[in-house]
Amino acid sequence: MSRERATALLMDFDGVLRRWDPAVAAGVEREYGLTEGVLGDIAMSWGLLQPVLTGQVSHAQWMDSVADALTPSVGDPGRARAAVEEWQRHRGEVDLDVLAFLREVRAAGVRVGLGTNATDLLDADLAALGLTDEFDAVVNSAVVGVNKPAKEYFQAACAALETSPSRVLFVDDEDRNVSGARVAGLSAHRWTGPGDLRYLRAALAY
């Protein structure tokens with residue numbers, strides 16, 4: 001039995017629509033004499049990351065925790081905080097191919113949602129990147145209170161899109177999130193790059 005055609009698209013943010021330049025973190029780490037990759041390793045450690053993704057702490061509090069954890073490596077709290085602040089000034093770049101695709105999809109009448117594990121800084125980031133008006137719904141884990149790949153997250157996303165799960169196509173660059181979406185009843189595609197856009201156009205058949 002074939003699936004119903006998707007009438008809504010739920011698109012991940014980081015790694016799909018927003019790209020991060022690894023040279024930024026690497027440059028800060030060199031400047032402050034840090035081990036390569038340490039900023040990301042600390043920030044993405046689940047003990048620090050999970051509370052901010054579910055709205056239990058703010059983005060600023062998360063970065064304070066990163067600076068605290070970094071302090072032994074640089075020997076001075078002020079220097080650790082300066083390194084984190086410099087790293088955080090870069091807010092990523094928009095993949096223009098993906099943005100053009102989203103605009104094309106919306107113009108064809110497909111509802112488009114942003115489905116992201118993010119912090120309370122998301123709205124400011126969207127504004128800074130000129131993306132505020134590009135979605136019919138923004139589903140931020142920090143607002144929902146639960147993060148991908150939980151079923152409850154995808155239920156909230158479908159409700160925000162006013163579309164049943166069987167009619168939503170979800171796109172993400174992480175296997176665990178794709179698997180979680182499928183468990184929740186959505187169609188899902190693992191993003192590997194702009195070359196996937198041809199497939200997504202065919203899947204939406206708008």
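Salt bridges across the interface of domain 1 and domain 2: the rule finds 0, where a salt bridge is a side-chain nitrogen of Lys or Arg within 4 Å of a carboxyl oxygen of Asp or Glu. Keep in mind that this is a predicted model, with local features needing pLDDT of at least 70 and side-chain atom pairs counted only at pLDDT 80 or more, while totals for chains, interfaces and linings use all residues. Residues are numbered from 1 along each chain as its sequence is written, and side-chain values use heavy atoms, leaving out hydrogens and water.

So much for housekeeping; now the two domains. Domain 1 covers 8–19 + 92–204 and domain 2 covers 22–88, with bounds from an automatic or database domain assignment. Their centres, over C-alpha atoms, are 26 Å apart. The contact (heavy atoms within 4.5 Å) takes 10 residues from domain 1 and 9 residues from domain 2.

Together the domains bury about 690 Å², 60% of it on carbon and sulfur atoms; that is accessible area, with a 1.4 Å probe, lost on being put together and summed over both parts. On the domain 1 side, Thr119, Asp120 and Asn147 lose the most area to domain 2, together 52% of what that side buries.

Now, let me take you to Phe154, in helix 9, residues 151–161; helices here are DSSP runs of H or I, at least four residues. Phe154 has 0% relative accessibility, so it counts as buried, meaning under 20% relative accessible area with a 1.4 Å probe, protein chains only. Leu10 is 144 residues away from Phe154 in sequence, yet their C-alpha atoms are 9.5 Å apart. Leaving aside residues up to four places away in sequence, Phe154 touches several residues, including Leu10, Phe170 and Leu186.

How values were computed. Helices (H or I, at least four residues) and strands (E, at least two) are DSSP runs, numbered from the N terminus. Buried means under 20% relative accessible area, exposed over 50%, partly exposed in between (1.4 Å probe, protein chains only). Buried area is the accessible area (1.4 Å probe) that two parts lose on being put together, summed over both.
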